[in-house]
Amino acid sequence: MYSLALNRLSVPRIELTYLACRIAFLETQERIVLARQFPETPQEGFGYLTEVPFLREVSPEVQLDLLARTWERCSTDNTPPFSMLEESILFAACERAVWCFGCEEPDVIERHLVSGPVSLAARSRNEWQTLLWMFQFEVSPMADFLLLDELADMSPEEAEYARTDWGLAREQTDPMFDVLSEWRSSPGMYDRLAGLLTRDEIQTVRELSHH
């Protein structure tokens, strides 16, 4: 249903991917900057991935890296199916972008939309929110990754039984567990940001990573 709606509105998936990933990236980056300016502020537990309970403890720097990886994949092949990890990242990015459209001041949203490398059609906040919700459902209609947080409190035997009962294969869920042990962004992150951020914005990310 939502796929047909997106097609009828002639909104390319890549535009919505760009919009969600760009807003989620910049918003999370700004939170990192604020946390570093004020040492008493918690240095983790924030960023767009807090929209997915199982991934809420992923470090903000790794969140940016994961977003860059997903953007690179989508910018070359934006057609489902996506991996569970990619689904969770796009789901969270859409959630954060929708939240920003509802809460941020107009000039903040304008900066995200106008200053980037892609020109988007002029639409109202409500239109963008609706399109992002449609895209989110298209990417992950089941949102199975939202079940994973329940596994944390189970014994290994119980978790394996629940995983099987939910129809979740290990090759789907293992990458979700793997990112929990990552603490730093990868050296290739900057190259993956082409098309999502401007050259000056990418340089700012480099400088942030070296502090």
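**Figure 1. Contacts across the whole fold.** A contact here means heavy atoms within 4.5 Å. Of the contacts in this predicted model between residues at least 6 apart in sequence, 71% join residues at least 24 apart. The protein has 10 helices and zero strands (helices are DSSP runs of H or I, at least four residues, and strands runs of E, at least two, numbered from the N terminus).

**Figure 2. Overall dimensions.** The C-alpha atoms fill a box of roughly 50 × 45 × 30 Å along the principal axes. Buried residues make up 45% of the 211 residues; buried means under 20% relative accessible area, exposed over 50%, and partly exposed in between, with a 1.4 Å probe and protein chains only.

**Figure 3. The buried side of helix 7.** Look here for Ala-159, Ala-162 and Arg-163, the buried residues of helix 7 (residues 156-165). They lie on the same side of the helix because they cover an arc of only 100° around the axis, taken from the directions from the helix axis to the C-beta atoms. Their packing partner is helix 8 (170-178).

**Figure 4. The other face of helix 7, and what follows.** Turned away from the buried side are the exposed residues Glu-157, Tyr-161, Thr-164 and Asp-165. After helix 7 comes Gly-167, with a positive phi near 75°.

**Notes for all views.** Residues are numbered from 1 along each chain as its sequence is written, and side-chain values use heavy atoms, leaving out hydrogens and water. As the model is predicted, local features need pLDDT of at least 70 and side-chain atom pairs count only at pLDDT 80 or more, while totals for chains, interfaces and linings use all residues.
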